Amino acid sequence: MEFTFFAAGIVALATTARVITCANPVHALLYLITSMLALAIDFYALGAAFAAVLEVVVYAGAIMVLFVFVVMMLNLNNETVAREKSWLRPQLWAGPAAAAGLLLLALLWALIFGGIEYGGITGEELAAREVGMNLFGPYVLVVELAAFLLLAALVVAAHIGRDDTDQVSDAAARGERVTTNVRESR
Amino acid sequence: MNELSMVYGMGLAALLFLLGFIGVVIRRNTLFVLMCLEIMINAAGLAFIVAGARWSSPDGNTMFILIIAVAAAEAAIGLGLLLQLQKRFRTIDIDAASEMHG
């Protein structure tokens with residue numbers, strides 16, 4: 001059977017299980033990124049090389065960086081330096097690094113010994129050309145809908161993420177939930 | 001791509017989706033809830049890729065690209081809500097926003 005597919009699948013399951021049982025957000029993010037790399041190798045083993053590249057570039061590269069930004073924005077106090085130091089301890093990144101090393105071994109196995117019997121890339125390869133022709137041929141209406149979705153998400157994110165500290169202080173003046181540390185308006 | 005490996009691929013997608021669902025249910029930190037939502041969306045994408053590889057069709061990859069667009073929109077809005085939650089309630093516990101007491 002496909003050795004690469006199963007090795008990457010087991011790594012994906014193990015790292016995902018660590019994500020949901022982990023207390024430290026940065027640690028969980030490292031495991032989540034490793035799980036996405038494992039899924040990318042699974043896509044590659046299934047012949048979807050374009051989807052594998054997208055998974056690494058867009059998912060692990062862009063969306064996870066958004067999560068890292070938010071984690072960093074949430075820790076803006078004096079304990080930050082001490083926490084940064086504690087996050088750089090080797091046992092924190094040893095687990096994700098070991099999982100990523102296993103993935104590298106599986107990928108090298110597929111590339112070097114990649115016969116069908118030891119299972120390198122078994123699926124029929126689909127190039128970006130066919131996917132693009134599919135996207136802008138029969139699926140062009142769905143592409144337009146995705147554009148609407150992204151525009152709506154942009155508007156909603158700009159609306160939700162606005163800086164309305166004056167309204168929040170009004171809420172604090174009315175004795176609502178917000179109690180401490182609300183900056184006075186701008 | 002034979003039918004057996006399609007069973008394994010769909011099983012992997014189902015297990016990943018289940019892990020993400022368990023994470024959404026058991027974690028109360030909003031950041032972890034959002035991460036588990038990403039896991040579930042990713043598992044759905046894996047199911048599309050497996051099905052596309054089974055029938056040698058580019059439709060699976062096409063749907064995966066649209067799923068990435070949905071995941072990006074979800075992450076942007078969810079993280080914006082997370083920042084507002086932190087700003088207003090001084091915590092990212094998702095139960096703090098349970099004002100409807102449902």
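**Chain A against chain B**

Let's start with the contact between the chains. In chain A, 64 residues are in contact with 60 residues of chain B, contact being heavy atoms within 4.5 Å. This is a predicted model, where local features need pLDDT of at least 70 and side-chain atom pairs count only at pLDDT 80 or more, while totals for chains, interfaces and linings use all residues. Residues are numbered from 1 along each chain as its sequence is written, and chains are lettered from A in the order in which they are written.

Now the area. Chain A and chain B bury about 5,400 Å² between them. That is accessible area, 1.4 Å probe, lost on putting the two together and summed over both. Carbon and sulfur atoms carry 78% of it. On the chain A side, A:Ile20, A:Tyr59 and A:Phe67 lose the most area to chain B, together 13% of what that side buries.

What about charges? Between chain A and chain B there are zero salt bridges. A salt bridge here is a side-chain nitrogen of Lys or Arg within 4 Å of a carboxyl oxygen of Asp or Glu.

Over all chains, the search finds one salt bridge. The side chains of B:Arg28 and B:Asp95 form it, at 3.5 Å, N to O. They sit 67 residues apart and link distant parts of the chain. B:Arg28 is partly exposed, with a relative accessible area of 33%. B:Asp95 is also partly exposed, at 46%. Partly exposed lies between buried, under 20% relative accessible area, and exposed, over 50%, using a 1.4 Å probe and protein chains only.

Terms used
Side-chain values use heavy atoms; hydrogens and water are left out. Helices (H or I, at least four residues) and strands (E, at least two) are DSSP runs, numbered from the N terminus.
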